[in-house]
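User: I am new to this structure and would like to learn how to read it step by step. Could you take me through it, giving the general idea before each case?

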Amino acid sequence: MYSQPDWAAYIAQMEQILALELDEARRAELLVQFNRIAAMAEPLMAFPLDDRLEVAGVFHP
């Protein structure tokens, strides 16, 4: 089963890595957007895949 990440911690880490200073309003809006994206992706992430399914094709010229 897919568990949702801690988006607040992710945003805090990205602020540090990217040397950004976000205000509380921007952080709150990012949390809303990440949660929306996660909700949209949930059905796709829950879709069962066959274990024998090839994940990516190999290009042979």
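Analyst: Helices and strands are here runs in the DSSP assignment, at least four residues long for a helix and at least two for a strand, and they are numbered from the N terminus. In this model, which is predicted, the protein has two helices and zero strands.

User: How does the radius of gyration of the protein relate to the globule rule?

Analyst: The radius of gyration is taken over C-alpha atoms, and the globule rule supplies a value to set beside it. For the 61 residues of this protein the rule gives 10 Å, whereas the radius of gyration is 17 Å, well over that value, so the protein is more spread out than a compact globule. Along its principal axes the C-alpha trace spans about 45 × 30 × 15 Å, and 8% of the 61 residues count as buried.

User: What span does helix α2 reach, and what span is expected?

Analyst: Helix α2, residues 24–46, has 23 residues and reaches 32 Å from its first C-alpha to its last, which is close to the 33 Å expected at 1.5 Å a residue. Even so, α2 has a kink of about 35° at M40, and this kink lies shortly before the proline P43.

User: How many aromatic pairs are there?

Analyst: Rings count as a pair if their centres lie within 6.5 Å, with planes under 30 degrees apart called stacked and those over 60 called edge-to-face. By this rule there are three aromatic pairs. One of them joins W7 and Y10, which are edge-to-face, with 5.9 Å from centre to centre and 90° between the planes.

User: Where do W7 and Y10 lie along helix α1?

Analyst: An α-helix has 3.6 residues a turn, so residues three or four places apart point the same way. W7 and Y10 are three residues apart in helix α1, residues 7–17, and are therefore separated by about one helical turn. Under 20% relative accessible area counts as buried; W7, at 16% relative accessibility, is buried, while Y10, at 34%, counts as partly exposed.

User: How are the rings of W7 and F34 arranged?

Analyst: The ring centres of W7 and F34 are 4.9 Å apart and their planes are at 5°, so this pair is stacked. The pair links distant parts of the chain, since W7 belongs to helix α1 and F34 to helix α2, 27 residues apart. F34 is partly exposed, with a relative accessible area of 22%. Taken together, ring pairs link W7, Y10 and F34 into a cluster.

Technical notes:
Residues are numbered from 1 along each chain as its sequence is written. This is a predicted model: local features need pLDDT of at least 70, side-chain atom pairs count only at pLDDT 80 or more; totals for chains, interfaces and linings use all residues. Side-chain values use heavy atoms; hydrogens and water are left out. The expected span of a helix is 1.5 Å times one less than its number of residues. The bend at a residue is the angle between axes fitted to the seven residues ending there and the seven starting there. Rings of Phe, Tyr and Trp (its six-membered ring) pair if their centres lie within 6.5 Å; planes under 30 degrees apart count as stacked, over 60 as edge-to-face and the rest as tilted. Buried means under 20% relative accessible area, exposed over 50%, partly exposed in between (1.4 Å probe, protein chains only). The radius of gyration is taken over C-alpha atoms; the globule rule is 2.2 Å times the number of residues to the power 0.38.
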